[in-house]
Amino acid sequence: MVSRVLIRPMTEADAESVGEVGFAAWAANPVLNDFGTEMPERVHRAFCNFAATGSAVILVADCDGEIVGWTARDGDADYISDLWVHPDHQGKGAGRALLEHVFSLMKREGIGKARIATHARNAGAIRLYERCGFVLVWRRIERSEAMQMDVEKVHLEKAL
C-alpha cells in the first residue's frame with residue numbers, strides 16, 4: 001500500500017507534475033506506446049496541455065508531497081476520462097484510492113453509475129477496474145485524439 005496517500009484537487013502548481021506522471025505511466029506501458037518514434041512527443045505534449053488547461057476535474061494522489069497519480073473527469077459527469085499512476089507507484093494502492101474518492105464524489109452528486117475506458121490490451125488497468133467493481137460493457141475501435149489514431153478500447157461500468 002502507498003503510505004499516507006492524500007487525494008486532493010489539482011492546483012495550478014501541480015500541472016507540470018500531473019503531465020509528467022501521465023506521460024511516465026503511458027511510456028512505461030508497451031501496450032499503449034508501441035506506435036513509432038513521433039508518438040511519444042505528441043503524447044507528452046497532450047498530457048502537459050491537458051493538465052495545464054484546467055478544463056477537467058483533476059484529482060491527484062499525493063504521497064508525502066509527491067504526486068504519484070491522478071484521475072480526471074472530462075466530459076459527462078459519470079465518466080472517468082483518465083487514471084494514471086507513475087510506474088514506480090503502480091500496485092501500491094494509489095489507483096484504487098483515486099477511484100474510491102471519485103466514486104464518493106459521484107455518489108454525493110447523485111450519479112448512479114461510473115464509466116471508464118482503456119486500451120483493450122491494457123490488462124493491468126482492466127484488472128484494477130474489475131477489482132474496483134467495474135464490469136466490461138463493450139469493446140470497439142475509437143479515435144484517440146492524443147495519439148491521432150484509432151485504437152481498440154474497452155468500456156466498463158460500475159453501479160454506485
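Helices, of type H or I and at least four residues long, and strands, of type E and at least two, are taken as DSSP runs and numbered from the N terminus. On this basis, the chain of the predicted model follows the pattern β-α-α-α-β-β-β-β-α-β-α-β-β along the sequence. Its secondary structure comes to five helices and eight strands.

The overall form of the protein chain was examined next. For 160 residues, a compact globule would have a radius of gyration near 15 Å, and the value of 15 Å found for the protein chain agrees with this. The C-alpha trace spans about 40 × 35 × 30 Å along its principal axes. Of the 160 residues, 49% count as buried. The accessible surface of the chain comes to about 8,300 Å², and carbon and sulfur atoms contribute 49% of that surface. Among contacts with a separation of 6 or more, 62% are between residues 24 or more positions apart.

Aromatic side chains were then considered. A search of the whole structure finds six aromatic pairs. In one of them, formed by Phe 47 and Trp 84, the ring centres lie 5.0 Å apart and the planes stand at 90 degrees; because planes over 60 degrees apart count as edge-to-face, the pair is assigned to that class. This pair links distant parts of the chain, since Phe 47 belongs to helix H3 (residues 39–53) and Trp 84 to strand S5 (residues 82–85), 37 residues apart. Residues under 20% relative accessible area are classed as buried. Phe 47 therefore counts as buried at 9% relative accessibility, and Trp 84 counts as buried at 16%. Both residues are members of one aromatic cluster, which is formed by Phe 47, Phe 50, Trp 70 and Trp 84.

Charged groups also sit over aromatic rings. The charged end of Arg 140 is placed over the ring of Trp 138, at 3.6 Å from the ring centre. Lys 158 lies over the face of Phe 103, with a distance of 4.9 Å to the centre of the ring.

Helix H5 (residues 123–131) has Ala 125, Ile 126 and Tyr 129 as its buried residues. These residues are on the same side of H5, because they cover an arc of only 100 degrees around the axis. In an α-helix there are 3.6 residues a turn, so residues three or four places apart point the same way. The cover over the buried residues of H5 includes strand S5, helix H4 (94–108), strand S6 (113–119) and strand S8 (149–159). Just after H5, Gly 133 adopts a positive phi of about 100 degrees.

With a relative accessibility of 56%, Pro 9 counts as exposed. Apart from neighbours within four places in sequence, Pro 9 is in contact with Asp 14, Ile 58, Leu 59 and Val 60. Asp 14 occupies the loop between S1 and helix H1 (15–28). In contrast to the exposed Pro 9, Asp 14 is buried, with a relative accessible area of 9%. When neighbours within four places in sequence are again left aside, the contacts of Asp 14 are Arg 8, Pro 9, Val 60 and Ile 67.

How values were computed: Residues are numbered from 1 along each chain as its sequence is written. This is a predicted model: local features need pLDDT of at least 70, side-chain atom pairs count only at pLDDT 80 or more; totals for chains, interfaces and linings use all residues. Side-chain values use heavy atoms; hydrogens and water are left out. Rings of Phe, Tyr and Trp (its six-membered ring) pair if their centres lie within 6.5 Å; planes under 30 degrees apart count as stacked, over 60 as edge-to-face and the rest as tilted. Buried means under 20% relative accessible area, exposed over 50%, partly exposed in between (1.4 Å probe, protein chains only). A charge sits over a ring if NZ of Lys or CZ of Arg is within 6 Å of the ring centre and within 35 degrees of the ring normal. The arc is that of the directions from the helix axis to the C-beta atoms. Contact means heavy atoms within 4.5 Å. The radius of gyration is taken over C-alpha atoms; the globule rule is 2.2 Å times the number of residues to the power 0.38. Accessible areas come from the Shrake-Rupley method with a 1.4 Å probe; for residues, only the protein chains shown count as cover.
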